[in-house]
Amino acid sequence: MLSPTTATIRIFLHVIAASIWVGGQFTLAGVVPALRRSAPAATKPVAQAFARLAWPAFAVTVVTGMWNLMAVDITTASSAYQATLMVKIAFAIASGAFVALHQFGRTKLALAVGGALGALCAVAAMFMGIMLHTGN
Ligand code: HEM
């Protein structure tokens, strides 16, 4: 059997935190319509409970992302890898910004645009992370 290395721990923490951030948004989006129908008063506390889980997961994604940056020798990577990495980081930052807009925005437009783009950008960051893994 293979033994875990520091790289295993680094990538495991990055991917599990990213999974909570990305997957949690879809789970919440799937659960909220049912909550609104059967227990409308629970919608807000459930969303707040999710936020208490999602933001620490996002923070772990960013911190382990920086750890990844230090571990990967970007200077010798191909320019395609470097470009993919830059776009991926931009999507990750945008997903955080849009989810914050969704959470703290006061207009219906901010809620809708923030929620939809937050999830889309998070999925794009995930997809590009997999491209980094398979492409270098
Ligand atoms: C929404 C946020 C994010 C998601 C969903 C995400 C997802 C992923 C995934 C799935 C991988 C592939 C891991 C593997 O090799 O199997 C990855 C790799 C990577 N991520 Fe992220 N990530 C996010 C944020 C960030 C941030 C903010 C940074 C930098 C500050 C970053 C830097 C990296 C780097 C450098 C790698 C390559 C690691 C390696 O090959 O050893 N990520 N990411």
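**Notes on the predicted model**

1. This is a predicted model. In H3, the buried residues are Leu85, Lys88, Phe91, Ala92, Ser95, Gly96, Phe98, Val99 and His102. H2 and H4 are among the elements that cover the buried residues of H3. As a general point, an α-helix has 3.6 residues a turn, so residues three or four places apart point the same way.

2. H3 has 26 residues, and the distance from its first C-alpha to its last is 37 Å. That is close to the 38 Å expected at 1.5 Å a residue.

3. H1 has 33 residues and reaches 46 Å between its first and last C-alpha, close to the expected 48 Å. H1 does bend, by about 30 degrees at Val31, and a proline, Pro33, follows within four residues.

4. The buried residues of H1 are His14, Ala17, Ala18, Trp21, Val22 and Gln25. These residues pack against H2 and H4.

5. As for the overall fold, the protein has four helices and zero strands, and from the N terminus on its elements run α-α-α-α. The C-alpha atoms fill a box of roughly 55 × 35 × 20 Å along the principal axes. Of the 136 residues, 21% count as buried. Among contacts with a separation of 6 or more, 72% are between residues 24 or more positions apart.

6. Which residues of the largest nonpolar core touch the most other members? They are Trp21, Ala122 and Ala125, out of 16 residues in that core. H1, H2, H3 and H4 each supply at least two residues of this core, and H4 gives the most, with six residues.

7. Trp21, one of the buried residues of H1, touches Ala54, Ala57, Phe58, Thr61 and Ala122, leaving aside residues up to four places away in sequence.

8. Is each of them buried or partly exposed? Gly118 is buried because 23 other C-beta atoms lie within 10 Å. Ala124 has 19 C-beta neighbours inside 10 Å and therefore counts as partly exposed; the cut-off for a buried residue is 20 or more.

9. Gly118 touches Gln25, Ser95, Phe98, Val99 and His102, not counting residues up to four places away in sequence. Gln25 is listed among the buried residues of H1, while Ser95, Phe98, Val99 and His102 are listed among those of H3.

10. Two C-alpha distances are given for these positions. Gly118 and Ala80 are 38 residues apart in sequence and 25 Å apart in space. Ala124 and Val87 are 37 residues apart along the chain, with their C-alpha atoms separated by 9.3 Å.

11. Turning to the ligand, there are 25 residues around it, of which Ala18, Gly65, Asn68, Gly129 and His133 come nearest. Ala18 is also one of the buried residues of H1. Helix H1 (6-38), helix H2 (40-71), helix H3 (79-104) and helix H4 (108-135) each supply at least two residues of the shell.

12. What is the make-up of the shell around the ligand in nonpolar, polar and charged residues? The shell divides into 18 nonpolar, seven polar and no charged residues.

Terms used:
Residues are numbered from 1 along each chain as its sequence is written. This is a predicted model: local features need pLDDT of at least 70, side-chain atom pairs count only at pLDDT 80 or more; totals for chains, interfaces and linings use all residues. A residue is near a molecule or strand if its C-beta atom, placed from the backbone, lies within 6 Å of it. Ala, Val, Leu, Ile, Met, Phe, Trp, Tyr, Cys and Pro count as nonpolar, Asp, Glu, Lys and Arg as charged, and the others, Gly among them, as polar. A residue is buried if 20 or more other C-beta atoms lie within 10 Å of its own, exposed if 12 or fewer, and partly exposed in between; C-beta atoms are placed from the backbone. Two residues are in contact if their C-beta atoms, placed from the backbone, lie within 7 Å. A nonpolar core is a set of buried Ala, Val, Leu, Ile, Met, Phe, Trp, Tyr and Cys residues joined through C-beta atoms within 7 Å. The expected span of a helix is 1.5 Å times one less than its number of residues. The bend at a residue is the angle between axes fitted to the seven residues ending there and the seven starting there.
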